[in-house]
Amino acid sequence: MEKRIAWAGGRPGDVRQSTVALLAVAAVATLAVICLIAAKAAGDVYRQDADERLASLATAASAAFNREVGRLDATVQRLAHDEGVVRALADSNRDGLARFAEASPNVSFWHNERRLAGATPLEAPAITRTVDVASRGRNVGRVRADLPLDAELAERLARAVSPRPPDQLLLALGPRAYDASRSRLIELPASGMEDAGAPGDPLRAFAVPLLLDGPDARVVAVAPLDAIDAAADRRQERVLLATVATLLTLLAGVGAAMIWRSRRRHATRRERVELDRRHVREALTLVGDALAASHDTEALLPVIAQTAMETAGATEARLLRGEIEIFRAGRRSASRAPLVLPIGIDDDGNPLRLLIYSPGGEPSGDARELAEWFVSQAAIAFENARLHGVVKRQAVTDDLTGLANRRHFVQSLESELSRAERFGIDLAVIIGDLDDFKSINDRFGHEFGNDVLRAVGDLLRASSRDVDVAARLGGEEFAMLLPQTDLEGGAALAERVREGLSALELQTPGGERLVVTASFGVASYPPTDTVEQLLRVADSALYRAKAAGKDRVTAG
């Protein structure tokens, strides 16, 4: 006897479709709100990145200034102990002293408050170092060296840190600031991060004081607020566009699924129910796995292979990187005529392909069309995840050497120092600087100089443990962070790196072997207990190594 059932309010399929439509609208609205929040957050993150960039630039310039002062100290000490200078001062030999002064700008020689030779004392603000000179137990005079706080110093500091437009580096003396394009800035901060500039020309500025006493000097990294806001707005727009593209992709997927369902209406009720159940499980699994995988491409690939196989009604799926199988799903099929679907490429440029096997050969009709559509959408998600990883790596990596950049090194040092304090373990920091690197660039060109820097980066990587962090701080300056290493261990590693550097087989463009040397400074926790002090102690040790003759390791 045939039984018929009357459904109140219409057929259950209509009710189900209306519910799905309402849920879809609610989901899209929720995603739209989330994406607007994410876009605003992206702009805020850019502004925070700009502040960190300016802080890093000013801090690096402060370190470059300390190196200038270190060279000033080394110069005045060297001249004060030079036998020729001592004899010339003892004899009041102006001609002899003048020859030494010609080789050292801003250096002068004095006896009884009289200048015998050298530069006239500067009226402009300057850093001054004087050393008394003695001969046979009596004072015969003194050597004086000046470091003018002027536009030339500002240009040298800017070259040392290489700010990228629109960022600029200024040397400020009270209300005065020297750089290549501005002669005066108003209301520059004394220290830290503030908004600055003149009316109509707002700036974001980060200042680092240079002297504890003496002239009110500071380096200030600035960027136009208008440029920062414009870049943040562009990032917000890109996030919104990506969101819209994602929503359109989702809508296209829903549309494709609805078209596919309409083509299957000729199936029996049992087949439709079973198919609906299977695809609900697939959809739920896909969404859950995709959310869990996030931007991890290696986790996303098995999700793509498994779901594509089930969507096509196949029994086996193989994922190939080049010609190497990296994942297999299902049971081995008797068919060896697979459906081949490209997914994209990995970070090394190797092609990724998905091979789907069905008992009767390639999937046919609707199953093939649905599988091809799913993999095409998955390929977009995979490429987005891969590019996200590339951008993330670039943010913490020095482009030339592949080592960590200054920002990543400082962040790692802060984290490791906190861990060392918490667990009572040692920590060492090495700062190295290639000796006479400028002469290498001048003699053989910057391209060969870049080859030298890359070779140094390879050596530091080979000398590091997995827990160590090797970085290029800028120019020819490198650093190593050594967790669970005391001062003696840090100095020993620095010595091995120094010896390895001297043994490098580097050939000049003319085919000659070039020997490259470097000087190293080492600091440790304990006793030094802040990031700033660790870097300052290591930097000071480095310049003592330079002053002592270079190509050596000095522990702080």
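Author: Happy to! Let us begin with the words for elements: helices (H or I, at least four residues) and strands (E, at least two) are DSSP runs, numbered from the N terminus. The model is a predicted one, where local features need pLDDT of at least 70 and side-chain atom pairs count only at pLDDT 80 or more, while totals for chains, interfaces and linings use all residues. Residues are numbered from 1 along each chain as its sequence is written, and side-chain values use heavy atoms, with hydrogens and water left out.

Now to the cavity. On a 1 Å grid over the protein atoms alone, a cavity is a set of points where a 1.4 Å probe fits but cannot get out, and lining residues have an atom within 4 Å of a point. Grid points are joined across faces, edges and corners, and a volume is the space filled by probe spheres set on the points. Searching the whole structure turns up 1 cavity of 30 Å³ or more. The largest cavity holds about 90 Å³ of space. It is lined by 13 residues, and G432, L460, F478, V497 and F520 are the closest to its centre. Two or more lining residues come from each of β14, α11, β16, α12 (487-502) and β19. The biggest share is that of β14, with 4 residues. By class, the lining has 11 nonpolar, 1 polar and 1 charged residues; here Ala, Val, Leu, Ile, Met, Phe, Trp, Tyr, Cys and Pro count as nonpolar, Asp, Glu, Lys and Arg as charged, and the others, Gly among them, as polar.

Next, the sheet that holds β14. Five strands make an open sheet of mixed pairing, ordered β15-β16-β14-β19-β20, and two strands pair if DSSP finds at least two bridges between them. Because β15 (469-474) and β20 (553-555) are at the edges with a single partner strand each, one side of each has no neighbour in the sheet. From one strand to the next, the twist averages 20 degrees. Strands β14 (residues 427-434) and β19 (residues 518-525) run antiparallel and are joined by 8 bridges.

Finally, helix α11 (residues 446-462) lies across β14, β15 and β16 (477-483), running at about 5 degrees to β16. Contact means heavy atoms within 4.5 Å. Axes are lines fitted to C-alpha atoms, for helices over the stretch in contact, and angles run from 0 to 180 degrees between N-to-C directions.

How values were computed. On a 1 Å grid over the protein atoms alone, a cavity is a set of points where a 1.4 Å probe fits but cannot get out, and a pocket is an open set with protein on both sides within 12 Å along at least five of seven lines; lining residues have an atom within 4 Å of a point.
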